[in-house]
Amino acid sequence: MYGFGGVAKHSGNMQTQHCFPISGTAQAEVIGVEGIINLYRQTLPHIALSGPTYFAELLNKFAQYVQSCAPNMYQVLLIITDGQIMDMEQTKAAIVRLSK
């Protein structure tokens with residue numbers, strides 16, 4: 001589970017990041033919807049939302065993860081945002097690559 005467009009205060013990096021593990025550790029994998037909700041609630045107070053919104057880095061990180069998985073594993077990418085995408089061309093290219 002990765003965040004984007006925010007400052008993860010618990011990571012020690014006080015600059016806007018466009019792809020960071022929500023947990024603040026190298027371990028980004030979360031099991032099930034309940035795990036996602038629990039981690040989000042636990043860490044949201046430690047994240048300052050910020051802009052602008054860039055998705056390409058996040059999508060490329062997801063592509064790396066998918067390539068490391070077994071070929072018969074099904075992956076779902078859910079992006080929740082309210083921002084205008086500032087790297088639309090790179091985002092579209094990454095989505096096309098991921099669709100394969």
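Trainee: Is Y65 buried, partly exposed or exposed?

Mentor: Relative accessible area sorts residues into buried (under 20%), exposed (over 50%) and partly exposed (in between), with a 1.4 Å probe and protein chains only. Y65 has 29% relative accessibility, so Y65 counts as partly exposed. This is a predicted model, in which local features need pLDDT of at least 70 and side-chain atom pairs count only at pLDDT 80 or more, while totals for chains, interfaces and linings use all residues. Residues are numbered from 1 along each chain as its sequence is written, and side-chain values use heavy atoms, with hydrogens and water left out.

Trainee: How many aromatic pairs are there?

Mentor: A pair of aromatic rings is described by the distance of the centres and the angle of the planes. Rings of Phe, Tyr and Trp (its six-membered ring) pair if their centres lie within 6.5 Å; planes under 30 degrees apart are stacked, over 60 edge-to-face, and the rest tilted. This rule gives two aromatic pairs. In the pair of F4 and F55, the ring centres are 5.0 Å apart and the planes stand at 70°, so this pair is edge-to-face.

Trainee: Where do F4 and F55 lie?

Mentor: F4 is in the loop between β1 (2–3) and β2 (6–8), and F55 is in the loop between β4 (47–49) and α2 (56–68), so their pair ties together parts that are 51 residues apart in sequence. Helices (H or I, at least four residues) and strands (E, at least two) are DSSP runs, numbered from the N terminus. F4 counts as buried at 17% relative accessibility, and F55 counts as buried at 3%.

Trainee: How are the rings of F62 and Y65 set?

Mentor: Their centres are 6.4 Å apart and their planes are at 35°, so the pair is tilted. Both residues belong to helix α2, three residues apart, about one turn of the helix. F62 counts as buried at 17% relative accessibility, whereas Y65 is partly exposed.

Trainee: Which residues form a nonpolar patch on the surface?

Mentor: A patch joins residues with over 30% relative accessible area and no salt bridge: nonpolar side chains (Val, Leu, Ile, Met, Phe, Trp, Tyr) within 5 Å, or like charges within 9 Å. A salt bridge is a side-chain nitrogen of Lys or Arg within 4 Å of a carboxyl oxygen of Asp or Glu. Here Y40, L44 and L49 form a nonpolar patch, with about 330 Å² of accessible area together (Shrake-Rupley method, 1.4 Å probe, only the protein chains shown counting as cover). Y40 sits in helix α1 (residues 32–43). Y40 is partly exposed, at 44% relative accessible area.
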